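Here is a friendly briefing to read alongside the model. Have the sequence and the 3D view open as you go.

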Amino acid sequence: MTLALSHPNTEQTASQWQAYLRLGFAHGARGTVLKTCDHKGPLYVQKPFYPEGQDTAHVYLLHPPGGLVSGDELVIESRQQPHTHVLITTPGAGRVYRARPDKLLQRQTTHLHVPNQAIMEWLPQETILYPDANTALVNQIHLASGARFIGWEITCFGLPANQLDFAQGRASQSFQINVDGRIRLRERLRIDQDSAAVMHSAAGLQGQAVNGLLVAGPFTHLSDDTLTALRESCAEFAGLAGVSLVKEFILVRAVHGDSEQMKHLFNQCWQQLRPELIQRNACAPRIWAT
């Protein structure tokens, strides 16, 4: 099943932004290039960077307002041609601010389309959900046979450094991977007044403010050495983390009270997985060092 991209009204009001960004990547004599970039509203990218050479484009997703307020809707779509390799990240944390009394939804939807013989790495920095936010965060990954993907989602519920929990906030998150139009993986998390217990339950976040999911695959083979290294990294993690194999995909799930620790774990796992999945050593985007 392939979900159609909506094209929301892009007019700004005093209280909300509705924006979209559509990226198209092609492969040619100059390697992977950003062929098309169509955007409306405060959502765009700079020119790609090539720290690994011309075959791999590092792209920084920019959202100048810095976060979502009530009524905001952001739609991100990336489409690649075969033999392209794209890494998308963000220069800083995303934010979903406290909802207004009208509780209009704050929504971000991402569609990544990856064809045969193409690679997508979706590595945004963490998303901070402020107390009393009302948000839906949707990630739809559409892979063809022969495509490869590494991606993660790191979510901080509330402002733990200020001792502010998620309070009466509402959040719906989904991370779905389709291969040739069929669902291979679907992760969902919903927190509202009826399910607030998941924040503290043993089967939920166990009282931790930061939740993370890393997905990589599909793998035709995963070496015992790589699996052992992943498990050792999770065992050394100060929070709670685990590795599982779901069909052809490796999943790392983790909870912690500090997003920086979560990013360090996922960066370490990415370094371990990348050489086996795409035959390249990890090359951290330069923006992460600033």
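In the hairpin of E13 and E14, 2 residues lie between the strands, and Asp180 takes a positive phi near 50 degrees. This is a predicted model, where local features need pLDDT of at least 70, side-chain atom pairs count only at pLDDT 80 or more, and totals for chains, interfaces and linings use all residues. Residues are numbered from 1 along each chain as its sequence is written, and side-chain values use heavy atoms, with hydrogens and water left out. Helices (H or I, at least four residues) and strands (E, at least two) are DSSP runs, numbered from the N terminus.

**Hairpin and sheet**

- E13 and E14 are antiparallel partners, with 9 bridges between them; strands count as paired if DSSP finds at least two bridges between them.
- Within this pairing, Val179 has Arg182 in E14 as its bridge partner.
- An open sheet of 7 strands runs in the order E2-E1-E5-E8-E11-E13-E14, with mixed pairing.
- At the edges are strand E2 (31-40) and strand E14 (182-191), each of which pairs on one side only.
- From one strand to the next, the twist averages 10 degrees.
- Strand E8 (residues 106-114) and strand E11 (residues 134-143) run parallel and are joined by 9 bridges.
- Thr109 has Val138 in E11 as its bridge partner.

**Backbone details**

- Most residues other than glycine have a negative phi, and most peptide bonds are trans.
- Lys103 has a positive phi, near 60 degrees, in a residue other than glycine, and is placed in the loop between E7 and E8.
- Gly217 and Pro218 are joined by a cis peptide bond with omega of about -5 degrees, and Pro218 is found in the loop between E15 and H1.

**Helix pair**

- The axes of helix H1 (residues 224-236) and helix H2 (residues 259-278) come within 10 Å and cross at roughly 180 degrees; axes are lines fitted to C-alpha atoms, for helices over the stretch in contact, and angles run from 0 to 180 degrees between N-to-C directions.
- H1 and H2 are therefore roughly antiparallel to each other, a term for angles over 145 degrees.
- On the H1 side, Thr226, Ala229, Leu230, Ser233 and Cys234 make contact with residues of H2 that include Leu265, Cys269 and Leu273; contact means heavy atoms within 4.5 Å.
- The contact of H1 with H2 has 6 nonpolar, 4 polar and 1 charged residues; Ala, Val, Leu, Ile, Met, Phe, Trp, Tyr, Cys and Pro count as nonpolar, Asp, Glu, Lys and Arg as charged, and the others, Gly among them, as polar.

**Pockets**

- A pocket is an open set of points on a 1 Å grid over the protein atoms alone, where a 1.4 Å probe fits, with protein on both sides within 12 Å along at least five of seven lines; lining residues have an atom within 4 Å of a point.
- The largest pocket has a volume of about 540 Å³, where volume is the space filled by probe spheres set on the points, which are joined across faces, edges and corners.
- Of its 33 lining residues, Thr90, Ala93, Gly94, Gln108 and Thr127 are the closest to the centre of the largest pocket.
- E12 gives the most to this lining, with 4 residues, and the lining of the largest pocket divides into 17 nonpolar, 13 polar and 3 charged residues.
- The second largest pocket has a volume of about 410 Å³.
- Its lining has 23 residues, with Glu187, Leu205, Asn211, Gly212 and Arg253 nearest the centre of the second largest pocket.
- By class, the lining of the second largest pocket has 11 nonpolar, 8 polar and 4 charged residues.

Technical notes
Angles under 35 degrees count as roughly parallel, over 145 as roughly antiparallel, 65 to 115 as roughly perpendicular and the rest as oblique.
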